[in-house]
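Thanks for sending this one over. Here are a few friendly notes to read with the model open beside you.

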Amino acid sequence: MPVEITWWGHATCTVEDSDVRVLTDPLFARRLAHLRRRRGAVPPPEAWQADVALVSHLHADHLHVPSLARLAPGTRLLVPRGAPRAVPGLRRLRHLLVSEVSPGDETVVGDVLVRAVPARHDGRRLPVGRHRSPALGYVIEGRARTYFAGDTGLFEEMAEEVGPVDAALLPVGGWGPNLGEGHLDAGRAAEALRRLAPGSAVPVHYGTYWPIGMDAVRPHEFHAPGEEFVRLAAKRAPGVAVHRLGHGESVRLKAAR
């Protein structure tokens with residue numbers, strides 16, 4: 001059975017492996033504060049279906065309580081340790097099976113093992129938030145090993161901490177004209193790809209949301225990161241098959257084992 005990856009936009013993906021549906025950073029909003037969805041339809045109810053949902057960190061475009069509330073009763077939800085204290089809205093999601101995890105923690109869902117791995121990113125809910133939680137990536141291990149990076153900067157121990165993977169879902173952009181510390185742009189994502197050396201990669205976290213009123217401000221930062229990543233990945237990691245998906249599109253990858 002092949003592994004299927006669907007990109008719904010931003011950092012929201014479905015990974016189907018071993019009859020288990022894994023949903024990453026669910027965001028099902030047309031508008032979020034000052035951000036507007038400029039490309040791709042809001043994910044349909046099909047996208048809300050998951051056996052387990054993964055939240056990489058506490059920023060509102062990754063931990064979006066109204067989107068999590070749409071998940072079916074009994075869905076497992078993995079969040080960074082300390083998240084319910086920092087985001088009280090999580091405590092109202094009593095229909096979900098919420099587990100707090102830290103780097104190194106492993107969770108078994110059906111025939112899939114989900115391992116939390118470190119990320120280099122601000123783990124606070126807000127820039128002035130008092131409570132910190134670790135920013136995480138996740139490795140989904142079933143018939144293949146799929147790395148979802150969440151939001152992260154490039155760090156020296158990335159390949160060692162993540163371990164061998166068959167596919168990588170890497171952020172290549174953002175939602176504004178400037179990327180702050182703790183992010184991958186197309187170039188840094190291509191370098192991460194060289195270090196990780198997976199068989200396949202899918203660029204995410206670009207080309208979906210943009211600040212309201214800033215449509216004319218450096219629009220190439222919105223449109224270009226996916227194509228730029230493909231170009232740079234071909235130079236720095238030529239052995240990796242890069243799949244640049246449109247919103248709602250899927251790719252089937254041959255299972256590694």
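How far apart are the mean positions of the positive and negative charges of the protein chain?

1. Charges. Please keep in mind that this is a predicted model. The protein chain carries 33 positive and 28 negative charges, and their mean positions lie 6 Å apart.

2. Overall build. The protein chain has six helices and 17 strands. Its radius of gyration is 17 Å, close to the 18 Å that the globule rule gives for 257 residues, so the chain is as compact as a globular protein of that length. Along the principal axes, the C-alpha atoms fill a box of roughly 50 × 45 × 35 Å.

3. Contacts and surface. Among contacts with a separation of 6 or more, 66% join residues 24 or more positions apart. Of the 257 residues, 56% count as buried. The accessible surface comes to about 10800 Å², and carbon and sulfur atoms account for 50% of that area.

4. The largest nonpolar core. In soluble globular proteins, nonpolar side chains tend to be buried together. Here, the largest nonpolar core holds 53 residues, of which Y138, Y147, L170 and F229 touch the most other members. Helix 4 (residues 186-196) supplies the largest share of this core, with six residues.

5. L170 up close. Leaving out residues up to four places away in sequence, L170 touches Y147, A149, A189, A192, L193, L196, V202, P203, V204 and F229.

Methods
Residues numbered from 1 in each chain as written. Predicted model: local features only at pLDDT ≥ 70, side-chain atom pairs only at ≥ 80, totals over all residues. Heavy atoms only, no water. Helix = DSSP H or I, 4+ residues; strand = E, 2+ residues; numbered from the N terminus. Rg over C-alpha atoms; globule rule 2.2 N^0.38 Å. Buried < 20%, exposed > 50% of the residue type's maximum accessible area, 1.4 Å probe, protein only. Contact = heavy atoms within 4.5 Å. Areas by Shrake-Rupley, 256 points an atom, 1.4 Å probe, with all protein chains shown as cover. Lys, Arg positive; Asp, Glu negative; His and termini not counted. Charge placed at Lys NZ, Arg CZ, Asp CG, Glu CD. Core = buried A, V, L, I, M, F, W, Y, C linked by side-chain atoms within 4.5 Å.
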